[in-house]
Amino acid sequence: MDKPVKPDLQFAKEIIKAGGESLKKCYQCSTCTVVCNLSPEDKPFPRKEMLYAQWGLKEKLFKNPDIWLCHHCGDCTAYCPRGAKPGEVLGAVRKLMIKNYSPPSFLANWVADPKYLLLIFLIPLLFFLGEMALLGYFSGIEIPRGENGEMSYVAFLPPVPWIDIPFMAIAGFAVICFYLGVKKYWLDLTEGVELKRKDIYNCIYETIKDILLHKKFQLCTLNKNRSTAHLLVLYAFIGLAITTGIAAFYEWVLRWEAPYPQTNIVKIIGNISGIALVIGMLLIIANRTKNAVKQGLGSYFDWLLITIIFAVGITGFLAEILREAEVETLGYASYIAHLVFVFALFAYAPHSKMAHMVYRTTAMVFAKTAMREEVKKEEAA
Amino acid sequence: MEKKIGLYICKGCGIGEAINTEKIVNIAKNALRVPVVAEHEILCSADGVELIKKDIAEQGINSIVIAGCSPRVKTYEFNFPGCFVERVPVRELALWTIESQEEQQQAAEDYIKMGVIKIQKGDIPEPYKIEINKTILVVGGGVSGMTAALEAAKSGYEVVLIEKEAELGGFARKLYKVVPTDDYTKGVLGDVNLEPLINEVTSNPKIKVFTSSKIDRIEGQPGDFDVTISKNGSTETIKIGAIIQATGWKPYDAKKLAKKYGYGKFKDVVTNYEFEEIAKKNKGIIKRPSDDRVVKTVLFVQCAGQRDPEHIPYCSGMCCATTLKQARYVTDGNPDATAMVIYKDMRTPGKLEYYYKEAQNAPGMMLAKGEVIGIREEYDKLIVTVENSLLGEKVEIETEMVVLATGMVPTTKEPQDYLIGLAAAAAKGDEEKAKYIESTKKPEFILNLGYRQGPELPFLEGGFGFADSNFICFQYETRRTGIYAVGPVRQPMNMTEAKEDARGAALKAIQCIEHVANGIAVHPRAWDTSYPEPNLTKCTACKRCTEECPFGAIDEDEKGIPYYKPNRCRRCGTCMGACPERIVSFKDYSVDMIGTMLKNVSVPSEDERPRIIVLCCENDAFPATETAALNRLKLDPAVRFIQLRCLGSMNLVWIADALSRGVDGMLLLGCKFGENYQCHFAKGSELAKYRLGKVQETLDRLQLESDRVKMYELAIDEYWRVPEIINEFMEKIREIGPNPFKGF
């Protein structure tokens, strides 16, 4: 027999605090597992996760890929006869899981707790205001304009050193945090488990294909629209990543400074992606409010990420429009705000809900290597 | 009183068309010599009832045979106080169940003849009346007893309440907190607060309280009990009308759980009862016994030694709610504390479901289904092994303390066990009996009845020692008339249920007193004024009646001659069936009466027309037959039904009488017996079966096949089985062939 199970109600209380208030209501009828379209035939969820959560079995929860295979469709919550909201509980567990795996943990605390809301935005704000002060903008030096005398953010804060260095630093930081977190998670997942498939790269490839097509997400019934909204946001991010790539290419290889004309490919991709982002986020917000009763409104954790992404899109467009309109003060303010939100998005990615991108992918790859979904089918055959 | 018989034949409901009633009128007038015989188109109409009433008034008719429908219908119309009334269900037994018109006529003639003979052989009963005392004795001053005493007093009866402890309060006094009875969201722990109830009892002028007292002896019968109470060495004898036993329960002996749960081996494994004591002693702070440390984790094991054939096989009903309450002692006021409950099933019926839900929501509580299979000690912790949990694997849980939810054992159990052991030893001889008395510790008896059948309430098969007799039909009744059980001594229950129970038992005691005051049977024949009147000059002191009476109504003198206590009697007639000398009779029910009836049933001489007599219980088998008739199920025309008060009153002589006259078979339809018996009189059908075992001798003497007599058990709702049973029996009888005595 394994080592004794130690019910840890303190941990159960943590889950409750993290957004799983309804956890105690579960009476293990397993309706959730039955209605879940994502649940595999073999080791189904989320009934057992609800029990682990009630008993406070932290290890069993964290080392279990199922908490990430859940896409929070909310079908379980909608059909739960007792109002135990399994979807919300798993959301809370994921939040604690992120905190457990992504170092450093103090950052996770900041992101998870509304108490630190001001602080997490104040840090980048002060940082960029500090840059402005160093450039002397607060001591009488006039903000320089572009080569042709137009309003230019590149002239306002030249990428080198004021933008590229800090952003590359935080991106690097995020990557390191993710690397450490995923490594630990993968070791925990695979501990004592025989990986049935050895072609790990194929698994990764298949997973990414699934993600790009939103194959799993589309299985949700109650909340089908959410898949479209999420897909839109995902492709917007990809578009914005391409935009950033081209911009970097212009700047570093062609030595061509921004601003670029609206007809340039980089602007076209950027603007389309930006619009997709804003529309996608609007759809997400609308879906969440519409299904709040059935599916749960979501936690602070969810809304923080929604707010950051939405704000990135809005401030981005605002800065662009104001620049074109030559509205100086408001334009620069919007640009600073945009930088603050992009900073928050990147810097806190390993600790905010943004981390789902990495941990869920890891869990999905694991599920493929362990062939969790195939087991039953083989048996049936 | 001189009997004057009137026979009234109803022609309604199709009887007139199917039956030649004129012929029956002639038989009654000429052959049976019935002075007044009348027919009516619809006897239950105002006109028909008036006809009977007129005859009562003008011609002095006092014994009435009504041939028409079942005695279970039209009871309001055919109610003639002071008259001896026999209803003959011609409609059901002749019309509805028989197809051929010739057979219908024959059946109607037979049944009406039997009805007339019954009335001719019987007498109008005169009630047994003695001077009675209406005081109610309540034994046990717990919540059940106090409530019963108060309810009886409020209804105007004098009450004597006796409690063995120095203070009233019973088990509730030992509790730290109770499960509140109101809205659980306002608080999950209620104060015990017994004072208002105790004050109400002690200040009630109609209630006399004896504390630190015991019953030395109870003699007599309902309405006239002599109860001797001893207090501090002095005794007092009081006249009592009826008795309520509210002596409650004791926790199951947890020492028997040593093997399974390590009780006694590990100091920190305690029972729920001991846990309550710990909480009460420390005012809610839970310190474990081994090192007096305040504990943060407690694991509760539900159904410890309950619903377990090796210990107590039943559910005590109160432990689930009690555990949920006790878990609060652990978690309330201590946010770091954890109370874990491992249960087989969580049984919180009714409003308690909300209490359960409230507990589910408590963050410090963990309620989990599973089965505890062992407990061991590791350093200063206990490790509990749980199987069949919803985790799907065997788990081990660490805890500082374990509480076993042990169950309720009624206070009646110990004396019963002792007496059962004593009877078994006595059956092996005097030497064994003496050895048993010497070697076995005599438990404290409660009632100390001066009854021939023993000093306590009798043992009930499948009753686990609880003082109940027929929980389906007659709650509170014990098998000692005039003694009613209430609260957990009757069946496992919680305090709220016990309070409700107390009201019921108080009403039963009052009913008993009022019935005996009027010379009426207490129950279930709650209208019956007849009672057994043995002709003792012919008694051979065989003691069968005193032994077989299901209610211990018959005592014996030194010579073994029975001494009937009619107020203890329920009028089932078991003694009448038991008596080999056939000396026990009721005014309106006797061996001779039924014997004459069955001797007068027609026995066709043709071989292909057999005749069967069915003796059936009037409480279950007969109503089932009537239901079969109501559903127009057809029965073989060979059968003739005779209703008995109880199959326990079946006397073997009837079988000999019938078979020697040429009747081809006898069928007995009685209630189910055994652990889930349905007999109104507890043992009737069982005794009939037992007697039937001895019928072989009679049949051998007559050189008849034993298969000619058969007994079936039939429940009141199994009406569809009636034709099946009869067909099965008829097949056998046709196989055996006609009775050779036919035609003699």
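**Entry 1: chain B as a whole.** I counted 22 helices and 30 strands in chain B; these are DSSP runs numbered from the N terminus, helices being H or I with at least four residues and strands E with at least two. The model is predicted, so I noted that local features need pLDDT of at least 70 and side-chain atom pairs pLDDT 80 or more, while totals for chains, interfaces and linings use all residues. Residues are numbered from 1 along each chain as its sequence is written, and chains are lettered from A and ligands numbered from 1 in the order in which they are written.

I found that 50% of the 744 residues of chain B are buried (20 or more other C-beta atoms within 10 Å of the residue's own; exposed means 12 or fewer, partly exposed in between, with C-beta atoms placed from the backbone).

**Entry 2: a strand pair in chain B.** S19(B) pairs with strand S18 (residues 381-387) of chain B in the antiparallel sense, over five bridges (pairing requires at least two DSSP bridges). Opposite B:Thr399 of S19(B) I located B:Leu382.

**Entry 3: a helix in chain A.** I checked helix H11 (residues 159-190) of chain A: its 32 residues should span 46 Å at 1.5 Å a residue, and the end C-alpha atoms are 43 Å apart, which agrees. The expected span is 1.5 Å times one less than the number of residues. The buried residues of H11(A) include A:Phe178 and A:Tyr185. Just after H11(A), I noted that A:Gly192 has a positive phi of about 70°.
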